[in-house]
Amino acid sequence: MSLTRILARILIPIAALLLNGVAQAQLTIEISGTGENRIPVTIAPFAGEGLLNQSVSEVVQRDLERTGLFRLIPTGSLLAVENVAPDYPAWRSLGSEALLVGSISALADGQLEVRYRLHDVSGQREYFVLKVNVRNNQARALGHHIANKVYEQLTGQRGYFSTRIAYVEKRGSRYQLMVADYDGENAVPALILNEPIISLSWSPDGKRLAYVSFEKRKPVVYVSTLATGARTVLANYKGSNSAPAWSPDGQQLALTLTRDGHSQIYLVNANGSGLRRLTNSSGIDTEPFFSPDGSMLYFTSDRGGSPQIYRQPLAGGEAQRVSFNGAYNVTPRISPDGKTLVYVSRNDGLFQISKMDLATQESLVLTNSAQDESPSFAPDSRTILYATEMGGRGVLSVVSIDGRTRYRLNDRNSDLREPAWSPLEK
């Protein structure tokens, strides 16, 4: 995919219609690889799980398994009771280092009381015991909540299982901007179009999405507030308005505009005011992305003769080239912790997801597919969502930052593109 092709995708006329609705596609998970040095953990079935609309312990298991950081140890013949101290040596003999147990009981007001405990098997003590009240149709949300607690306790990082993803789904002749749980479940359309849409970008508070639409018969950048469906025009200048990216504080967005003749990067306030030009080159500058501290803007440019990744200090100064391996590196994305750059590289004619350690400049190709695009970091800085092609259609896949863990969000009846992972809730 050439840089010209990237820009051409922005210039396809589309007509937009905002719509609320129900999910059109259910995504399935396939685990195709695992990491090493994983934490052995047992997630025991919760007593009273039949009171919920699905098994909460299975939701927790799938959440932890997808990370590649945990090895699930079955309970075997051992009993796991929430309010009874476990036989720590027996669990240790199974190879488990942590044990989650829980119970669910009905309350008089129709809610369910959920109690759960995480045990440190090696230390023969409790990590925590917690309680929450839910409705019987909230098993998935409950499972993600508990998985977040387990993940944080055992890794020291906040869990990201309650985050969301956005992507574009092509179903027949229609294109839908979908918002789903992080694992692809509970997908609902936020926007339905008759032509393609691209360039999805979450606001830092996770409440808004910026994107490009053509309902004015030209590329225009819009921002939608997901809770209300309200939409505002962010950029409608002469020529192409494309590739929005939010600043970390949510006060500005970076855009690619052709208002002055060719594609350059501009900054604009979140309300559409205060436009100012950032780059000034004779080449094509596009696909901006802020560093987590807001001091730098990374972008793609062919100013040196081939598409490469550059960064521009926002306080002033010259742009610096960042990528040097190969003749084609585009779509820069910086991890939330600021340590890693991921991008699309061309390797022997294959377009693949690569990473670069920004401290050491060491790079690694993470995928083995041929048409990868649109990488997006999860809030944990080690998990990457991206689009690729299988059988001539787009699918969404996930790869870990070491390339060892992969799985696919796979809808067999539609074409999925342009994924973006939401930030953690504040």
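This is a predicted model: local features need pLDDT of at least 70, side-chain atom pairs count only at pLDDT 80 or more; totals for chains, interfaces and linings use all residues.

A pair of aromatic rings is described by the distance of the centres and the angle of the planes. The structure holds 12 aromatic pairs, and one of them joins tyrosine 160 to tyrosine 182, whose ring centres are 6.0 Å apart with planes at 90°, so that this pair is edge-to-face, the class for angles over 60 degrees. Because tyrosine 160 belongs to the loop between α4 (139–155) and β8 (164–171), while tyrosine 182 belongs to the loop between β9 and β10, the pair ties together parts that are 22 residues apart in sequence.

Tyrosine 160 also pairs with tryptophan 421, and since their centres lie 5.8 Å apart and their planes meet at 70°, this pair is edge-to-face as well. Tryptophan 421 is in strand β31 (residues 415–421), so the contact with the loop residue tyrosine 160 ties together parts that are 261 residues apart in sequence. Tyrosine 160 counts as buried because its relative accessibility is 1%, and tryptophan 421, at 6%, counts as buried too. Ring pairs link these residues into a cluster made up of Phe70, Tyr151, Tyr160, Phe161, Tyr182 and Trp421.

Elsewhere, arginine 231 lies over the face of tyrosine 222, at 4.6 Å from the ring centre, and arginine 303 is placed over the face of tyrosine 310, at 5.2 Å from the ring centre.

Glutamate 185 is found in the loop between β9 (174–181) and β10 (188–193), and it counts as buried because its relative accessibility is 18%, under the 20% cut-off. Its C-alpha atom is separated by 9.4 Å from that of leucine 409, a residue 224 positions away along the chain.

Technical notes:
Residues are numbered from 1 along each chain as its sequence is written. Side-chain values use heavy atoms; hydrogens and water are left out. Helices (H or I, at least four residues) and strands (E, at least two) are DSSP runs, numbered from the N terminus. Buried means under 20% relative accessible area, exposed over 50%, partly exposed in between (1.4 Å probe, protein chains only). Rings of Phe, Tyr and Trp (its six-membered ring) pair if their centres lie within 6.5 Å; planes under 30 degrees apart count as stacked, over 60 as edge-to-face and the rest as tilted. A charge sits over a ring if NZ of Lys or CZ of Arg is within 6 Å of the ring centre and within 35 degrees of the ring normal.
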